[in-house]
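Please consult the sequence and the structure while reading.

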Amino acid sequence: MSFETISVVGLGYIGLPTAAMFASRKKRVIGVDVNQYAVDTINQGKIHIVEPDLDMIVSAAVTEGYLKAVTTPEPADAFLIAVPTPFLPCEEDDIPAPDLSYIEAASKAIAPVLKKGDLVILESTSPVGATEKMAAWLAEARSDLSFPQQAGESADINIAHCPERVLPGHVVRELVENDRVIGGLTPKCSQRSVELYKAFVLGECVITNARTAEMAKLTENSSRDVQIAFANELSIICDKLDINVWELISLANRHPRVNILQPGPGVGGHCIAVDPWFIVSKTPEEAQIIHTARKVNDGKPEWVINKVKLAIADFLQGNPDKTIKDVTVACYGLAFKPDIDDLRESPAMLITQKIAEMHSGKVLAVEPNISEIPNRLYNVDLAEFDVAKRNADIHVMLVDHKEFKESSIVAKTIIDTKGIW
Ligand code: SAJ
């Protein structure tokens, strides 16, 4: 059975570009989101998120009638669920647990419109076992239909997990070019999913089972987290031993089989700092390195803040005529990584906020990618680079935006977490 109508549930950073890609291949796409503002914006041919090139594709898809957004699911031949999977606040063991409530709500929302022959794909990054859970929620809601966990290959509904793996800022290109890992609950579920994605995916669609597909995505991001933790730990060790960590890493990376990543102020974003917890919470005894890496990366902002405290104390000792109120601290960069405007889960934001809370003098933030200081930084002034460079006593480099890499600062006190000055 071919896929004439495709429904994408969750029109965020992954769902909307995915919906737009299917629509650009002249499939009829129904996007579903609980956010009325997002739905209205998309139906006007506009987008509510920042992602290069996406606006053009959505605008064309809506104008040509291939994409529409709704708040209540409608019948379709395939459903892709791309809703958030955040984690719940820590319990006693301080290991955050995944929150599957959005997947559960999406499953219950599409269940009434499912029909024999439909395919349901979970795209959200999920802990191992989530696709089976989704299948159970769907089966519970629709006892008149059969599902793979009951009927295997002869089930009325096919179910698979196919994690998204695209890099924010490059979503449109990576959705088409990246290989996809496809894990069906049965081989037929996988085959049908490959058929669906082939509508726009040029990368290879590699088939596995659902649990392995879930773990593959978590493994990719945990691998990066562990590698960044190694770099961050090295930076702390080198600071103690008076060694330039960036020189050290570039020397070590001349070895043909060594490729150390870069240290920084910590790990931000919605993926790398979150996904490893899905492994740790499932297997806390076994996931030793993954857990430690999370702690090392989460501890880095505090280490930077302590460096700033020491620098302020040093500065006051060298300038006995000044009081702490006279000391201006400038933080360079607020985004979670270079050359984007995304401030969510950003260690640079956290560090700037904590500095502003503890420091009674002026705190400046330089962030070329935003025009307004976020509410959380109500006591911080958004400053131009040249103003901060001229007026601050302590300079804290937090994000290696291209504007910062192109210039330099000559000052006595620079805390450079990215090694660019
Ligand atoms: N970072 C470092 N040092 C480095 C590289 C990164 O400190 O050497 C920091 C960044 O500054 C940032 C964080 O790590 O704070 C994460 O940035 P990132 O560019 O590594 O990744 P994301 O979160 O933008 O996207 C990741 C990607 N995963 C991998 O590269 C394995 C992307 O492919 C995934 O689709 C995405 O997570 C996701 O949605 O899971």
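The C-alpha centres of domain 1 and domain 2 lie 35 Å apart. Domain 1 covers residues 5-203 and domain 2 covers residues 221-416, with bounds taken from an automatic or database domain assignment. The model is a predicted one, in which local features need pLDDT of at least 70 and side-chain atom pairs count only at pLDDT 80 or more, whereas totals for chains, interfaces and linings use all residues. Residues are numbered from 1 along each chain as its sequence is written, and side-chain values use heavy atoms, with hydrogens and water left out.

The two domains meet at an interface. There, 16 residues of domain 1 are in contact (heavy atoms within 4.5 Å) with 14 residues of domain 2. Together the domains bury about 1200 Å², 70% of it on carbon and sulfur atoms; buried area is the accessible area, found with a 1.4 Å probe, that two parts lose on being put together, summed over both.

The ligand is surrounded by 20 residues, each with a heavy atom within 4 Å of it. Both domain 1 and domain 2 supply at least three residues to this shell. Its largest share, five residues, comes from helix α9, residues 210-241; a helix here is a DSSP run (H or I) of at least four residues, numbered from the N terminus. By type, the shell comprises nine nonpolar, four polar and seven charged residues, with Gly counted as polar and Cys as nonpolar.

Among the closest residues are Val 166, Lys 217 and Asn 221. A backbone N or O atom of Val 166 lies 2.6 Å from a ligand oxygen, and a side-chain N or O atom of Asn 221 is 2.6 Å from a ligand oxygen. For Gly 268, a backbone N or O atom lies 2.8 Å from an oxygen of the ligand. Taken alone, the ligand exposes 770 Å², of which the protein buries 86%, by the Shrake-Rupley method with a 1.4 Å probe.

Conventions
A polar contact is a pair of N or O atoms within 3.5 Å; within protein, one must be able to donate a hydrogen and the other to accept it, and residues adjacent in sequence count only if both atoms are side-chain atoms. Helices (H or I, at least four residues) and strands (E, at least two) are DSSP runs, numbered from the N terminus.
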